[in-house]
Amino acid sequence: MNESAAIWSPPLAEAPERHLCTDCGVSRSSSPKDCAAACQFIQPDYPALEARVHGRVRDAARGDEAFFGPYRAMYRARLKAPAEGAQWTGITTRIAQKLLEAGAVDAVLTMAPDAADKWRPVPVIITRAEGMAAVRGMRMGYAPLLALLEPARAAGHKRLAIIGIPCQVYALRALEAKLGFERLYVIGTPCSDNTTTANFHHFLSLLSDKPESVTYLEFLADYHVELRFEDGSRRKIPFLKLPISDLPPDFFPMTCRTCVDYTNSLADITVGYMAGQGQQWLLIRNARGQELLELLGDEVALAAPGSAGKRANAVKGFMENTRLAAGGLPLRRMPNFLRGIMGWVMPRFGPRGLEFARARVEMKAVETILHLRRAEPARMKHMVPRHVWALAEKYGLVAEAGEQK
Ligand SMILES: Cc1cc2nc3c(=O)[nH]c(=O)nc-3n(C[C@H](O)[C@H](O)[C@H](O)COP(=O)(O)OP(=O)(O)OC[C@H]3O[C@@H](n4cnc5c(N)ncnc54)[C@H](O)[C@@H]3O)c2cc1C
Ligand code: SF4
Ligand code: SF4
């Protein structure tokens, strides 16, 4: 792949050693010291960046902003003609494709599958609309997306779209003014429970005796994991039957256990599925996000997201499990026959739609605090934003001395 191809993967510098780092790419740039100001895991300032990017900070009195960050509209959504190979229906890659087709951007920065390992993300620069099809779908792991910024600029690209996960988008926004691109569109996806690609291969080997034949995996909002295989077959496994207790305690890196921005609140548009009840879930966060949605025209079907069930007990149960696990993965001591019954009950009576998304965001807040308190107490004061404390306080989890600025 070279600079003139539709997809280009430039050679990148080695990453220096960093503690609590998802290798977003800043440390590989010509200015690795920028990590100090740009890193989500050092001293994030969400209010300042929300005000700069969206024109205002999140407002807890406004809809669900306490959970999901600033937004001006929220939808349950799907492409009427789902794109082949997409993780859901392909809204994310279709928006970027439209930007390239319209000539609104010179390039899109995102992740392609590695040629030798389809689950490994490789950062790529895409300059022609036809290149977007190759990057559809989800890879597991993280890779240095922002290390593409300097090669993109050197290639003369001034107007960019970036598809990123929250820890990448935080650093991008922190550096945006300094980067000086003429135009920047940020398409974000939510992200949680990510791990290294190597760890993910181990997980697949516990789920299937032919892990190499798995082509797709997703944690659905109906409390099941869906697997798809090369022969076209599909399998759904209830969350409660996942072999979580067979995974090593450090399966999820500390970064991904303590990440504070599940819903990618600094993107222009967030494209997820959590409140979609089987469809996609869009958060339009600012005027640029609205512009991105409008590119889809009548290719997209939109509806108001639904909400049902009550989340409080699910979040409390999760908090207790996380405490009991003391740094390992939440314990699963339920007998097998009960797990089957719960696997049936949860999608029908557990929190659904927006209530499911609120539950997941609160669980993440609780998890962040408990893990940092145990493993990185000195980081808490700077790393945990006030809005994360506010979510956990409802469950009796409050800041102790020295944990808050
Ligand atoms: C590790 C991970 C965890 C996620 N967890 C959640 C979750 O808990 N809740 C939720 O609602 N949504 C989550 N998502 C987002 C969700 O899986 C879908 O990607 C999203 O809803 C978009 O679907 P789509 O059909 O529009 O995407 P597509 O059109 O198929 O495009 C997917 C885009 O994501 C990019 N991508 C794929 N893998 C990675 C990666 N590892 N790192 C960065 N970019 C990548 C691709 O390059 C592509 O541009 C997660 C995504 C990732 C990568
Ligand atoms: S995640 Fe990014 S900003 Fe943070 S230390 Fe790693 S490379 Fe630097
Ligand atoms: S869970 Fe958080 S820290 Fe981990 S890769 Fe996703 S956004 Fe980054």
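1. Let me start with Arg311, which is buried in this predicted model, at a relative accessible area of 16%. The side chain of Arg311 forms a salt bridge with that of Glu362, at 2.9 Å from N to O. Arg311 sits in the loop between β13 (307–308) and α10 (312–325), while Glu362 belongs to helix α12 (residues 354–375), so this pair ties together parts that are 51 residues apart in sequence.

2. Glu362 is worth a look too: its relative accessibility is 0%, so Glu362 counts as buried. Arg311 and Glu362 also belong to a network of salt bridges, where they are linked with Asp64, Glu355, Arg358 and Lys394.

3. Next, please turn to Lys98 and Glu299, whose side chains meet in a salt bridge of 3.1 Å, N to O. Because Lys98 lies in helix α4 (residues 91–102) and Glu299 in the loop between α9 (287–294) and β12 (300–303), the contact ties together parts that are 201 residues apart in sequence.

4. How do these two partners stand in accessibility? Lys98 has a relative accessible area of 19% and is buried, whereas Glu299, at 26%, counts as partly exposed. The cut-off for buried is under 20%.

5. A further pair joins Arg159 and Asp106, with 2.7 Å between N and O in their salt bridge. Arg159 is in strand β5 (residues 159–164) and Asp106 in the loop between α4 and β3 (107–113), so parts 53 residues apart in sequence are tied together here. Arg159 is partly exposed, with a relative accessible area of 22%.

Conventions:
Residues numbered from 1 in each chain as written. Chains lettered and ligands numbered in written order. Predicted model: local features only at pLDDT ≥ 70, side-chain atom pairs only at ≥ 80, totals over all residues. Heavy atoms only, no water. Salt bridge = Lys/Arg side-chain N within 4 Å of Asp/Glu carboxyl O. Helix = DSSP H or I, 4+ residues; strand = E, 2+ residues; numbered from the N terminus. Buried < 20%, exposed > 50% of the residue type's maximum accessible area, 1.4 Å probe, protein only.
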